[in-house]
Amino acid sequence: MEVKDPVQIANAFSAAAKIHVVNVWATWCVPCVQEMGDLRAIASDLGPQVGVVGVSLDDMIPGDRTAIRGHVSEFVVKNRIAFPIVYYSGKSDALAEYLKFSGEIPITIAFDRNGKELWRRQGRIDRRATTETLRKLLRRNP
């Protein structure tokens with residue numbers, strides 16, 4: 001799914017998810033790539049209650065857009081990423097303003113169904129700590 005408007009990211013979430021987790025990343029970002037397995041496991045472990053969506057910023061680097069999109073798709077397949085990946089092709093400033101972050105990636109943000117921010121982590125996530133945090137948020141947001 002490609003989006004130019006950050007508001008469209010919400011369309012990638014399942015309506016059944018109680019918590020929406022947005023992870024902003026890129027294939028050229030080493031800590032982003034390192035945490036993909038953890039995000040995949042979290043999405044699998046917490047099932048339909050927690051929706052994870054990755055927002056790729058690969059479009060921000062210069063080059064052939066078609067080749068870059070293809071590279072992201074290959075990365076997703078190779079790494080068996082089952083959660084939705086949004087290819088963001090809009091303005092980076094708009095995304096940073098919408099998600100209220102500096103532009104530094106990776107960043108992972110959890111929201112409730114209504115879009116209220118519940119938690120954020122700048123930098124690489126820790127699988128165990130993030131899973132526990134999300135479980136606590138699920139108990140508080142039935």
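This predicted model has 1 disulfide. Cys29 and Cys32 form that bond. The briefing then turns to the nonpolar core and to some backbone details.

**Disulfide**

- A disulfide is a covalent bond between the sulfur atoms of two cysteines.
- In the pair Cys29 and Cys32, the sulfur atoms are 2.3 Å apart.
- That distance falls within the 2.5 Å cut-off for a disulfide.
- The torsion about the S-S bond of Cys29 and Cys32 is about 75°, so this disulfide is right-handed.
- Cys29 and Cys32 are both buried.

**Nonpolar core**

- The largest nonpolar core holds 46 residues.
- Val24, Val55, Leu95 and Leu134 have the most contacts inside this core.
- H1 supplies the largest share of the core, with 6 residues.

**Contacts of Val55**

- Val55 is one of the core residues with the most contacts inside the core.
- The residues that Val55 touches include Val24 and Leu95.
- Val55 also touches Ile9, Val22, Asn23, Trp25, Val86 and Tyr88.
- This list leaves out residues up to four places away from Val55 in sequence.

**Backbone details**

- Most residues other than glycine have a negative phi, and most peptide bonds are trans.
- The peptide bond from Ile105 to Pro106 is cis, and its omega is near 0°.
- Pro106 sits in the loop between H3 and S5.
- Lys100 also lies in the loop between H3 and S5.
- Phi of Lys100 is positive, near 55°.
- Lys100 counts as exposed because its relative accessibility is 64%, and the cut-off for exposed is over 50%.
- Arg80 has a positive phi too, near 50°.
- The place of Arg80 is the loop between H2 and S4.
- With 58% relative accessibility, Arg80 therefore counts as exposed.

Conventions:
Residues numbered from 1 in each chain as written. Predicted model: local features only at pLDDT ≥ 70, side-chain atom pairs only at ≥ 80, totals over all residues. Heavy atoms only, no water. Core = buried A, V, L, I, M, F, W, Y, C linked by side-chain atoms within 4.5 Å. Buried < 20%, exposed > 50% of the residue type's maximum accessible area, 1.4 Å probe, protein only. Helix = DSSP H or I, 4+ residues; strand = E, 2+ residues; numbered from the N terminus. Contact = heavy atoms within 4.5 Å.
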